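Please keep the sequence and the model in view while reading.

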Amino acid sequence: MSNIVLHKANTRGVANHGWLKSFHTFSFAGYYNPERVQFGALRVLNDDTVSAGMGFGEHPHDNMEIISIPLEGDLEHKDSMGNTAVIRKGDIQVMSAGTGIYHSEYNKNKGQQVKFLQIWVFPNKRNATPRYDQITLNEADRKNKLQQILSPNKEEEGVWIHQDAWFHMGNFDKAVSADYTIKKPGNGVYVFVLKGQFRVNGIDLDPRDGLGLSDIEFFNVQALTDDAEILLMEVPMH
Amino acid sequence: MGNPTQVLIVGKNEAIVLLLQRLINKFKGLHPVIAFSAEAAVDVIQCQRIGLVILSSGLSEDCEKNIKENALAKNQGIKVITHFGGGSGLLKCEISETFGKEIEWAEAV
């Protein structure tokens, strides 16, 4: 029998620092909710909006797989490994923080906010060698189907991380549906609606709602509106 | 008001250990002590009344095990946690979960 956890968008933690507004699906920084700590290896799902020209100054990370998915605007990244890059909608960025990495992230535009998802997944080994990668995805490949954007394997489509995790994105027309089959037995999937409305496993979801599914082998997602966008994050539950 | 809980932070990435030290200083009722090696950590555990050990990055599994064993041998009540993320994002939650209650910032972070 499947286990289901529903996190409506308006129940998320909120941090408003003026230049940064962040919604936290799970406990993060000053937001602490013992009922909302993680979904398996998925530990952080932050929905960030950064004001024009502002950003996160240099700060460290370690032992975490950090994935950034821009939704709007341009985000400039610099890190202690010498990487300087701009990521924008359609890109995905991954950092394996491992033994330690420093980076900064700024909104490159002076006249437009940037919106992005910051996702942290526990690594399957501690103290890995830090690494950085980013790719541009072909957004046409997710029209009315699920496009893989992340996996544990270098050879597979999308970026890779140190964890048995698979992420997919899809952009659907109204009434179009897709099936998803769990890649690794025992894994769960956290579904996050980016835009529009979906019905997932019989549950109706609005924008920024999250739905965790575990003890399940497959399920169906159906768009209830046009131009509906969804993110699926399959992660180990133990 | 009682004495603050001594929090030992152990890790090999000096910058991250120092950041965690600054963060622990900002929590009510916690006082940081730092060590950059398992050997130094064990010395601190033997000499000071530590209530919580935070294992930061760069330590081998054997080092982490050695620290845990020494901490528990000194006092079964010492909590030992493994820190992930390297900064302020998860620290409050990790400590709150360990103590079974939400810890509070003494000042804004």
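## Strand pairing in chain A

Gln148(A) has His168(A) as its bridge partner in strand E15 of chain A. The strand E13 (residues 146-151) of chain A and the strand E15 (residues 166-172) of chain A are joined by 4 bridges and run antiparallel. E13(A) is also joined by 2 bridges to strand E14 (residues 159-160) of chain A, and these two run parallel. Here Ser151(A) stands opposite Trp160(A) in E14(A). Strands count as paired if DSSP finds at least two bridges between them; helices (H or I, at least four residues) and strands (E, at least two) are DSSP runs, numbered from the N terminus.

## Basis of the model

The model is predicted: local features need pLDDT of at least 70, side-chain atom pairs count only at pLDDT 80 or more, and totals for chains, interfaces and linings use all residues. Residues are numbered from 1 along each chain as its sequence is written, while chains are lettered from A and ligands numbered from 1 in the order in which they are written.

## Contact between the chains

Chain A contributes 21 residues to the contact and chain B contributes 19 residues, where contact requires C-beta atoms, placed from the backbone, within 7 Å. On the side of chain A that touches chain B, strand E4 (42-50) and strand E5 (55-61) of chain A each supply at least two residues. The largest share of that side, 3 residues, comes from E5(A).

By type, this side of chain A divides into 11 nonpolar, 8 polar and 2 charged residues. Ala, Val, Leu, Ile, Met, Phe, Trp, Tyr, Cys and Pro count as nonpolar, Asp, Glu, Lys and Arg as charged, and the others, Gly among them, as polar.

## Helix H4 of chain B

The buried residues of H4(B) are Gly89(B), Leu90(B), Leu91(B), Lys92(B), Cys93(B), Glu94(B) and Ile95(B). A residue is buried if 20 or more other C-beta atoms lie within 10 Å of its own, exposed if 12 or fewer, and partly exposed in between, with C-beta atoms placed from the backbone. The buried residues of H4(B) pack against E4 of chain A, together with helix H1 (14-25) and strand E4 (79-82) of chain B. After H4(B) comes Gly100(B), with a positive phi near 75 degrees.

Definitions and conventions:
Two residues are in contact if their C-beta atoms, placed from the backbone, lie within 7 Å.
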